[in-house]
Amino acid sequence: MSRDPERDAVEPEKAPPVPRTAPDEPPAGKSAEAILASIFAPVAEASPLEQLEQTIRHPKKLIYIAMSNRNFYWRMHVSKLVLDEGYVPINPFMLFDYYLLHTVPKQLVREAINNLLSRCDEVWVFGTMSLGVKVQLGIAKRLKKPLRFYDIADLPEQVYRISEKLAQEEGRD
């Protein structure tokens, strides 16, 4: 077998000398400007293929948003809150816009909503629990989904995480 001298490890006595610097100088080739330039250099945006690969390798949890029709107008704020927490919101009011403006039978929309609920990783309940929300909560419990409850009485300024017992009290929000 022939030996390639360029691929062999360099012996210590043959290694090039390390450039000497004064104690207060940065290492050779490094300056404050170079370090700052590397920190603030524009980051290339990921290509669609790289984004897909990242999503497949590290999928985010799907969060089903359960909320009463009475809180319909807070749908975007609640979805933003879930996104800000690093999850993917599944908000029926954003998908079906209040039963598709009553152009589709309610039962068909309810079946679609329950199908989404069953596929989500967690269920988060926002505000007062109407009969529909209580049914969705019952489905989530039977499917053993992790649950969270939030008081949204002070939206848009503040949202508070609360216990299930407190969420079930009448008069919240």
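## Asn-91 and its surroundings

Leaving aside neighbours within four places in sequence, Asn-91 is in contact (heavy atoms within 4.5 Å) with Ile-65, Met-67, Arg-75 and Ser-79. The residue sits in the loop between β2 (88-90) and α4 (92-102); helices (H or I, at least four residues) and strands (E, at least two) are DSSP runs, numbered from the N terminus. With a relative accessible area of 2%, Asn-91 is buried; buried means under 20% relative accessible area, exposed over 50%, and partly exposed in between, with a 1.4 Å probe and protein chains only. A polar atom of the Asn-91 side chain lies 3.2 Å from the backbone oxygen of Arg-75.

## Basis of the model

This is a predicted model, in which local features need pLDDT of at least 70 and side-chain atom pairs count only at pLDDT 80 or more, while totals for chains, interfaces and linings use all residues. Residues are numbered from 1 along each chain as its sequence is written, and side-chain values use heavy atoms, with hydrogens and water left out.

## Chain overview

The chain contains 7 helices and 5 strands. Along the sequence they follow the pattern α-α-β-α-β-α-α-β-α-β-β-α.

Of the 173 residues, 26% count as buried. The chain exposes about 12900 Å², of which carbon and sulfur atoms supply 56%; accessible areas come from the Shrake-Rupley method with a 1.4 Å probe, and for residues only the protein chains shown count as cover. Among contacts between residues at least 6 apart in sequence, 60% join residues at least 24 apart.

Tyr-64 is located in strand β1 and is buried, with a relative accessible area of 0%. The side chains of Tyr-64 and Gln-136 are joined by a polar contact of 2.9 Å. Such a contact is a pair of N or O atoms within 3.5 Å; within protein, one must be able to donate a hydrogen and the other to accept it, and residues adjacent in sequence count only if both atoms are side-chain atoms. Tyr-64 and Val-88 are 24 residues apart in sequence, with 8.7 Å between their C-alpha atoms.

Pro-89 belongs to strand β2 and counts as buried at 18% relative accessibility. The C-alpha atoms of Pro-89 and Ile-65 are 6.7 Å apart, for residues 24 apart in sequence. Beyond four places in sequence, Pro-89 touches Ile-63, Ile-65, Ser-79, Val-82 and Leu-83.

Ser-68 lies in the loop between β1 (62-67) and α3 (75-84). At 2% relative accessibility, Ser-68 counts as buried. A polar atom of the Ser-68 side chain is 3.1 Å from the backbone nitrogen of Arg-70. Apart from neighbours within four places in sequence, Ser-68 is in contact with Phe-93, Phe-126, Thr-128, Ser-130 and Val-133.

## Packing of α5 and α6

Two packed helices are described by the angle between their axes and the distance between the axes. Helix α5 (residues 106-119) and helix α6 (residues 131-142) pack at an angle of about 40°, with their axes 10 Å apart. Here axes are lines fitted to C-alpha atoms, for helices over the stretch in contact, and angles run from 0 to 180 degrees between N-to-C directions.

On the α5 side the contact is made by Ile-113, Asn-114 and Leu-117, and on the α6 side by Gln-136, Ile-139 and Ala-140. By class, this contact has 4 nonpolar, 2 polar and no charged residues; Ala, Val, Leu, Ile, Met, Phe, Trp, Tyr, Cys and Pro count as nonpolar, Asp, Glu, Lys and Arg as charged, and the others, Gly among them, as polar.

Most residues other than glycine have a negative phi, and most peptide bonds are trans. Lys-144, not a glycine, has a positive phi of about 60°. Lys-144 is in the loop between α6 and β4 and counts as exposed at 73% relative accessibility. A cis peptide bond, with omega about 5°, joins Leu-155 and Pro-156; Pro-156 is in the loop between β4 (147-151) and β5 (160-162).

Leu-147, in strand β4, is partly exposed, with a relative accessible area of 23%. Not counting residues up to four places away in sequence, Leu-147 touches Val-123, Leu-137, Ala-140, Lys-141 and Arg-161. The C-alpha atoms of Leu-147 and Ser-163 are separated by 9.9 Å, for residues 16 apart along the chain.
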